[in-house]
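Dear colleague,

Please find below the structure I wished to hand over to you. My notes on what was found in it follow directly after.

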Amino acid sequence: MNKKSVVIGWLYSYMIVLLIPFVTIFLNYGWNRKVIRNEILQANQLVLENLGNEIDRYLSQEFSFRSFLLKERTFQKVVSSKEKDPQFYYNVAELINGMNSYASSMSCMVYLKELDYAISNGGANDSAPLYNGKRVAFPDIVPYDDWIKILAGDYRNNMFFAKCLYYGNTRDCLIYADSLNDFAQYEPFNLFVCLPISELEELTRLLPDGSLFSVGIGSESILTLSNQGMEENPAEPECGWDGRQTDETDRYMEIHKVSGIKDVEYCLMIPKDEFWKELRRARNVLGISVAVTLLAGALCVSVALHRNFEPVDRLVRKVSGGSKERSNEYKIIEDAYFRLMEEKNVMHRHIATQTEQMQSNYLLAMMKSRSFRMRLCCLR
């Protein structure tokens, strides 16, 4: 088709008009993408906030147990004992009752280093007999050397997870450990408070598939959970504990939260596929709507062009004599109009000239006394 044809001009005009909603749609898509991203981030921040608050509640119980024991008079008597006499055992029994009443949802243990004596919710004994009694019932607990190394270690408000005995069962537990060696009136002792990981796993059951929830202390991840439970070897490296509220890796969108507990931080890692799932749906709907709009628009434009151009096309064929080589149809009509006007002017001048000649001839015949009728006859 001739590029100068008026139908091409009409087509350009229609397409420009048709592109206006396309531009509007894409601008709207960009805005929706930003809004959806912010909404998803806010929703996940709310999830992280709720998870963090629940875990803070558990961790606060662990940390507060230390304060409880230091203020408990029975505990003070026990850790002040130099030997294991009847009064000591009586105080231990009273302390166990107090521990159970205060921390019924946690497993607690106090290890007296000098007396090599361990006191827990479920009972008390020297470390070796206590271990041997538990080993018979629970052969999967750690070896004695490792167990006594944990009991006698030196801690400063440390948290770690290990397999420990929890109310008659061995479970993976998040353990808070603290060594108190600086009190002159007390014998050195270690305090352990165990929180079963299963309690924390219940909090993450509703996370989307592939999401990870990490607990960190001092910019180091100590525990990672998913909706399937604890991740011993998570596929993704540790969270970037860099102080930013949000971060992004190749696979995950990370959201961070600083806990109310000292040095504890939380990180929620959401797979980007899950993160952008709703946006991909919006993009697919947009793509389909654009394709349908383009197809329907092209069809409507084609019908409109054919209907509006057909009278002009027939007129141009008449004017141009059916010639297929045409430029702009309106230019052809314009040229034809001017040619017609020029021919009209020529004919008008020709008729005027003939009229003047006839008038001159008539006057000449009259002056020569000849009959104009006879002249006409002769001319015929």
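**Strands and sheets**

Strand β1 (residues 107-112) and β6 run antiparallel and are joined by six bridges. Ser-107 has Cys-194 as its bridge partner in β6. Strands here, like helices, are DSSP runs numbered from the N terminus (E, at least two residues, for strands; H or I, at least four, for helices), and two strands pair if DSSP finds at least two bridges between them.

This is a predicted model, in which local features need pLDDT of at least 70 and side-chain atom pairs count only at pLDDT 80 or more, while totals for chains, interfaces and linings use all residues. Residues are numbered from 1 along each chain as its sequence is written, and side-chain values use heavy atoms, with hydrogens and water left out.

Eight of the eight residues of strand β6 (residues 189-196) are buried, so this strand is largely enclosed by the rest of the structure. Buried means under 20% relative accessible area, exposed means over 50%, and partly exposed lies in between (1.4 Å probe, protein chains only). Phe-189, Leu-191, Val-193 and Leu-195 point one way from β6, whereas Asn-190, Phe-192, Cys-194 and Pro-196 point the other way. In a regular strand the side chains alternate between the two faces of the sheet.

An open sheet of six strands has antiparallel pairing and the order β9-β8-β7-β12-β11-β10. Its edge strands, β9 (229-230) and β10 (246-248), each pair on one side only. Within this sheet, seven bridges join the antiparallel strands β11 (residues 252-258) and β12 (residues 264-271), and Tyr-252 has Pro-271 as its bridge partner in β12.

The largest nonpolar core has 49 residues, of which Leu-69, Leu-112, Ile-119 and Phe-213 touch the most other members. Helix α1 (residues 6-71) gives the most to this core, with 10 residues. Such a core is a set of buried Ala, Val, Leu, Ile, Met, Phe, Trp, Tyr and Cys residues joined through side-chain atoms within 4.5 Å. Leaving aside residues up to four places away in sequence, Leu-112 touches Val-78, Val-79, Phe-88, Tyr-117, Ile-119, Pro-188 and Phe-189 (contact means heavy atoms within 4.5 Å).

In α3, the buried residues include Phe-88, Asn-91, Val-92, Leu-95, Ile-96, Gly-98 and Met-99. They cover an arc of only 165° around the axis, which puts them on the same side of α3; the arc is that of the directions from the helix axis to the C-beta atoms. On the other side of α3, Pro-86 and Ser-101 are exposed.

**Salt bridges**

A search of the whole structure finds five salt bridges, each defined as a side-chain nitrogen of Lys or Arg within 4 Å of a carboxyl oxygen of Asp or Glu. One of them joins Lys-84 and Asp-126, at 2.7 Å from N to O. This pair links distant parts of the chain, 42 residues apart: Lys-84 is in the loop between α2 (73-80) and α3 (86-102), and Asp-126 is in strand β3 (residues 123-126). Lys-84 is partly exposed at 31% relative accessible area, and Asp-126 is partly exposed at 25%.

Arg-156 forms a salt bridge with Asp-154, with 3.1 Å between the closest N and O atoms. Asp-154 is exposed, at 56% relative accessibility.

Arg-205 forms a salt bridge with Glu-201, the closest N and O atoms being 3.9 Å apart. Salt bridges that share partners join Glu-201, Glu-202 and Arg-205 into one network.

With kind regards
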